[in-house]
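Here's a quick tour to read alongside the sequence and the 3D view. Start with the strands, then move on to the helices and the ligand.

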Amino acid sequence: TNKSITGIARLLQEAKASQSIARAMADGSLDAEVVIVGGGIAGLATAVALQRAGVAPGGRGILVLERHPELRATGTAMTVFPNGWFALRALGVAHKLTSRYDVIEKSRVTNLETGTTQVFRFAGNKVSDEVRMRAVDRKALLDALADELPPGMVRFSSKLVSIDAIPATSGSSEATVLRLEDGAVIRAKVSTASNLIHTHIYYVLRTGMHD
Ligand SMILES: Cc1cc2nc3c(=O)[nH]c(=O)nc-3n(C[C@H](O)[C@H](O)[C@H](O)COP(=O)(O)OP(=O)(O)OC[C@H]3O[C@@H](n4cnc5c(N)ncnc54)[C@H](O)[C@@H]3O)c2cc1C
């Protein structure tokens, strides 16, 4: 019957899932509550946000995977607009940068063909000078975020090559197995991530919407 076929399919799926987890664990896999792939601005900011929100308290269990052996900043200056400063302020890092970089009051754009120059003035913000436009050194921004994280939370030279979702079985909860180029295997506990799914943070991260 359809019911018994479904039952057999489910048993096979569970057996396959258990085997995958067993293989991952036999390889000496690491466990993490939350794995973030990429130690760029978004990855580091997410790690700081999750840590501040109390996900995996004390930063335990949050892992950021970065493929390069160090934080890398391509390009030089990065213009951070008011929305960026609001985000950095919420993460508790804005003050480290605003004290080092001046507000951009205006910019001049010259048309090389005609030689005419236009001046753009950037209005001040009534709320605070802290959120006014500034150009910052990209590396300084990455460092300001990374300094909020405990040593070891960013795992360098860790290029992700595959992610497999392991469905829940009767004996174990849902998991995600991440494989790295160096052969390391990381098992992320999706049980905690599933809790996250019901939180405001997850909603904001997934949808970019604030309410
Ligand atoms: C020339 C240029 C100028 C720009 N100027 C501005 C500006 O003035 N203001 C502004 O707001 N934005 C600017 N941007 C956009 C801004 O740089 C990006 O929006 C921002 O860097 C995106 O951050 P991210 O963390 O998502 O990605 P990235 O900064 O690209 O970081 C991704 C990280 O993931 C790592 N990674 C990738 N694949 C893997 C893997 N498989 N395993 C492990 N790690 C991996 C990478 O090594 C990298 O460190 C500019 C972009 C460019 C190209």
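Two strands count as a pair if DSSP finds at least two bridges between them. By that rule S2 and S3 (residues 62-65) qualify, with four bridges joining them. Keep in mind that this is a predicted model.

**The sheet**
- S2 and S3 run parallel to each other.
- Zoom out and you get an open sheet of three strands, in the order S2-S3-S8, with parallel pairing.
- S2 (34-37) and S8 (154-155) are the edge strands, each pairing on one side only.

**H2 and its neighbours**
- Helix H2 (41-52) lies across S2 and S3, and its direction is at about 175° to that of S3.
- H2 also meets helix H5 (residues 138-146): their axes come within 9 Å and cross at roughly 25°.
- That angle is under 35 degrees, so H2 counts as roughly parallel to H5.
- The crossing of these two helices, H2 and H5, is left-handed.
- On the H2 side of the contact you'll find Ile41, Leu44, Ala45 and Val48, and they meet Leu141, Leu142, Leu145 and Ala146 of H5.
- What classes of residue make up this contact of H2 with H5? There are eight nonpolar ones, with no polar and no charged residues.

**Around the ligand**
- The ligand has 19 residues around it, and Gly38, Gly40, Ala42, Arg67 and Thr79 come nearest.
- H2 and strand S4 (77-80) are the elements that give two or more residues to this shell.
- Which element gives the largest share of the shell? That's H2, with three residues.
- Sorted by class, the shell around the ligand holds nine polar, six nonpolar and four charged residues.

Notes: Residues are numbered from 1 along each chain as its sequence is written. This is a predicted model: local features need pLDDT of at least 70, side-chain atom pairs count only at pLDDT 80 or more; totals for chains, interfaces and linings use all residues. A residue is near a molecule or strand if its C-beta atom, placed from the backbone, lies within 6 Å of it. Ala, Val, Leu, Ile, Met, Phe, Trp, Tyr, Cys and Pro count as nonpolar, Asp, Glu, Lys and Arg as charged, and the others, Gly among them, as polar. Axes are lines fitted to C-alpha atoms, for helices over the stretch in contact, and angles run from 0 to 180 degrees between N-to-C directions. Angles under 35 degrees count as roughly parallel, over 145 as roughly antiparallel, 65 to 115 as roughly perpendicular and the rest as oblique. A crossing is left-handed if the near helix is turned anticlockwise from the far one by less than a right angle, and right-handed if clockwise. Two residues are in contact if their C-beta atoms, placed from the backbone, lie within 7 Å.
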